[in-house]
Amino acid sequence: MHIQDKTLTPPNVDTESVNGRSDQRAVQGGWLKQGVWAIAAVTMVLLVALPWIAPYFYIFIATEVLILGLLAASFNLVFGYTGMLSFGHAAFYGIGSYAVAMLLQSFQWPLLACLLVAVVVATILALIIGFFCVRLNEVYFAMLTLAFGMMVFSIAHQWRSVTNGSDGIAGFTVGSFGLGINLQLGNPSVYYHVVLVIVVAASALLYLICRSSFGLILRAIRQNPERVAFCGINVRAYRLAAFTVAGAFAGLAGGLMAPFLRIASPELLHWSMSAEPVLMTILGGSGYFLGPFVGAGMFVLLETWITSMTQAWMLVLGIILAFMVMFFRRGLLGTILDWILERK
Amino acid sequence: MMAGTETDIILQAKNVGKRFGGVAAVADVDLDVYRHETLAIIGPNGAGKTTFYNLLSGRMQPTSGTILFEGQDITGMPPHRISRLGISRSFQINNIFEEMTVRENVEVAVTALRGDGRRWANLASRNVAVQDEADELLSRLSLSALSDQRAGVISYGDKRLVEIAVVLATRPRLVLLDEPTAGMTPDETQRVVQLIKSLGNSGDYTFVITEHDMNVVFGLADRILVMHRGQRLVLGTPEEVRAHPEVRRAYLGTADEEMAP
């Protein structure tokens with residue numbers, strides 16, 4: 001089968017200008033921006049108020065969506081912005097989970113300290129795996145990330161004396177939060193709010209990175225790596241930096257997931273877990289920063305609703321995905337925003 | 001225009017060759033480029049001009065010979081290091097960032113030059129000075145009106161000008177332009193010729209250009225290198241090249257009238 005280069009290149013990332021220079025496009029951008037900010041503000045209010053306005057069950061759903069949204073957004077730094085399709089992103093997510101679970105089990109450290117270690121460990125792992133992977137392009141890059149992901153899974157699965165094998169690390173409780181802040185982290189609604197604050201702060205930082213000079217070069221690399229090299233940029237170093245930064249945020253997401261699930265198990269590192277941020281990003285749209293969050297929401301809600309009705313969740317998901325890829329390649333958010341922009 | 005002397009050589013190619021299997025695309029080419037001159041490389045298709053460019057800019061590694069830029073050996077260096085030393089090139093086929101705005105295209109090169117993308121302090125910020133520098137360059141090239149346009153939707157000729165803007169944004173001392181007027185309308189061609197002339201007169205740049213349009217070549221070049229089958233056939237002033245019997249026979253044929261500037 002002939003594989004086109006295009007197959008691994010995501011659709012373009014939004015290129016709204018960073019300042020409001022006044023021409024037709026900028027005016028449209030400003031109008032759109034205000035709308036997006038308004039919707040974002042309303043969404044934030046609803047998210048903060050969620051434990052009081054939604055059924056108890058949805059606190060768990062929302063926690064999961066936020067954490068997986070951060071995971072998918074970190075993946076999209078590599079995929080949507082830099083143009084590299086990684087199938088090993090769960091390695092960093094999983095190692096973040098294990099780090100937090102082990103520290104809680106053995107030392108009962110405060111949550112913030114555990115999360116910090118999770119980020120550091122995931123960063124180091126991403127640096128090592130990325131060092132080898134960024135040497136390859138397109139499908140070879142994807143295959144190598146998959147191979148490394150499977151290696152990390154095997155280690156977690158087999159090294160019983162450290163990782164407790166397939167049983168995973170369980171039986172820990174989150175004690176204190178850190179910084180002398182007194183929170184009942186065992187309460188799902190309190191933990192939800194902690195996750196909300198951390199995910200929003202991390203996403204804001206990730207957004208700034210995407211809009212920065214660094215992010216500009218990443219977008220340029222996705223479109224035309226050769227031209228970037230001839231501008232004097234070491235493309236491989238930038239790819240590695242993007243891969244590592246994405247790994248760090250994935251580690252944070254994993255670290256938040258362990259206390260929520262009350263277990264860190266090898267499934268979090270499995271290659272099928274690596275597929276989840278890929279699917280979420282495609283569902284929501286890789287072209288906009290918030291696309292992966294929308295995709296995570298779609299994924300978790302669909303999974304919840306469909307599994308309550310039928311066993312065939314994967315079949316339904318497959319049909320939806322095929323439909324999206326064939327007719328709405330820009331994802332749900334991308335399609336809506338493109339439609340609004342074109343209609344104006 | 002030709003300010004350089006033999007002692008002020010910006011680029012020196014010594015016996016540079018590139019073989020693909022048994023075929024020599026470029027064979028033992030010697031070339032000294034003088035600082036601040038405009039040197040044109042001409043030759044029929046397949047003469048090795050683009051391969052020679054690829055060797056000079058690091059896109060390909062020579063199989064023999066050495067290349068010195070300002071006395072430093074750059075043979076086989078990767079493109080990004082050659083670019084940072086002060087050599088910037090354009091491509092025969094438009095090679096820009098089509099999904100970005102025109103301004104962002106230039107910003108990429110300015111950012112590369114300033115190293116902003118590499119500093120940790122700039123990991124999460126965008127430098128306004130970079131935008132200003134991009135705007136300044138775009139206005140010098142009369143492209144300001146297109147700044148906020150997506151580069152993929154502007155005209156073919158404008159895309160080529162944007163690529164020249166990207167090339168200049170890295171503040172090179174040596175500029176390699178590969179067929180800068182290819183596919184342009186006569187008006188656009190004239191615009192590029194005037195641009196290269198005025199940039200050459202500014203004394204900041206040394207130009208090496210390949211070109212099929214003989215009017216452009218004889219209108220711009222201080223010296224002309226004629227390549228034929230990968231080899232250096234003749235190197236001299238436009239008058240010398242025009243008068244050279246071998247050039248007439250091998251390359252220009254009998255079409256003398258086409259050469260008249």
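What does the domain assignment of chain A give? Chain A is assigned domain 1 (17-53) and domain 2 (57-271), the bounds coming from an automatic or database domain assignment. This is a predicted model, in which local features need pLDDT of at least 70 and side-chain atom pairs count only at pLDDT 80 or more, while totals for chains, interfaces and linings use all residues. Residues are numbered from 1 along each chain as its sequence is written, and chains are lettered from A and ligands numbered from 1 in the order in which they are written.

**Domains**

- In chain A, the centres of domain 1 and domain 2, taken over C-alpha atoms, are separated by 27 Å.
- Five residues of domain 1 of chain A are in contact with seven residues of domain 2 of chain A; two residues are in contact if their C-beta atoms, placed from the backbone, lie within 7 Å.
- On the side of domain 1 of chain A that touches domain 2 of chain A, the residues comprise five nonpolar, no polar and no charged. Here Ala, Val, Leu, Ile, Met, Phe, Trp, Tyr, Cys and Pro count as nonpolar, Asp, Glu, Lys and Arg as charged, and the others, Gly among them, as polar.
- For chain B, the assignment gives domain 1 (1-86 + 174-261) and domain 2 (96-171).
- Eight residues of domain 1 of chain B contact seven residues of domain 2 of chain B.
- The side of domain 1 of chain B that touches domain 2 of chain B has four nonpolar residues, three polar and one charged.

**Chain B overall**

- Chain B has 10 helices and 10 strands; helices (H or I, at least four residues) and strands (E, at least two) are DSSP runs, numbered from the N terminus.
- Of the 261 residues in chain B, 46% are buried. A residue is buried if 20 or more other C-beta atoms lie within 10 Å of its own, these atoms being placed from the backbone.
- Among contacts in chain B with a separation of 6 or more, 68% involve residues 24 or more positions apart.

**The four-stranded sheet of chain B**

- An open sheet of four strands in chain B has the order β2-β1-β4-β5, with antiparallel pairing; two strands pair if DSSP finds at least two bridges between them.
- Strands β2 and β5 (72-73) of chain B lie at the edges with a single partner strand each, so one side of each has no neighbour in the sheet.
- Helix α1 (residues 49-57) of chain B packs on this sheet and touches β1, β2 and β4 of chain B, its direction making about 60 degrees with that of β2(B). Angles run from 0 to 180 degrees between N-to-C directions, and axes are lines fitted to C-alpha atoms, for helices over the stretch in contact.
- Strands β1 (residues 9-20) and β2 (residues 23-34) of chain B pair in the antiparallel sense over eight bridges, and Leu11(B) stands opposite Val33(B) in β2(B).
- The hairpin of β1(B) and β2(B) has two residues between the strands, and Gly21(B) takes a positive phi near 60 degrees there.
- Strand β4 (residues 64-69) of chain B is joined to β5(B) by two bridges and runs antiparallel to β5(B); Phe69(B) has Gln72(B) in β5(B) as its bridge partner.

- Strand β6(B) and strand β7 (residues 174-178) of chain B run parallel and are joined by three bridges, with Arg89(B) opposite Leu176(B) in β7(B).

**Individual residues of chain B**

- Thr210(B) lies in strand β8 (residues 206-210) of chain B. Thr210(B) is buried because 23 other C-beta atoms lie within 10 Å.
- Beyond its neighbours within four places in sequence, Thr210(B) contacts Ile41(B), Lys49(B), Tyr53(B), Asp178(B) and Glu179(B).
- Glu133(B), in helix α4 (residues 128-140) of chain B, is buried, with 20 other C-beta atoms within 10 Å.

Key. Buried ≥ 20, exposed ≤ 12 C-beta atoms within 10 Å, placed from the backbone.
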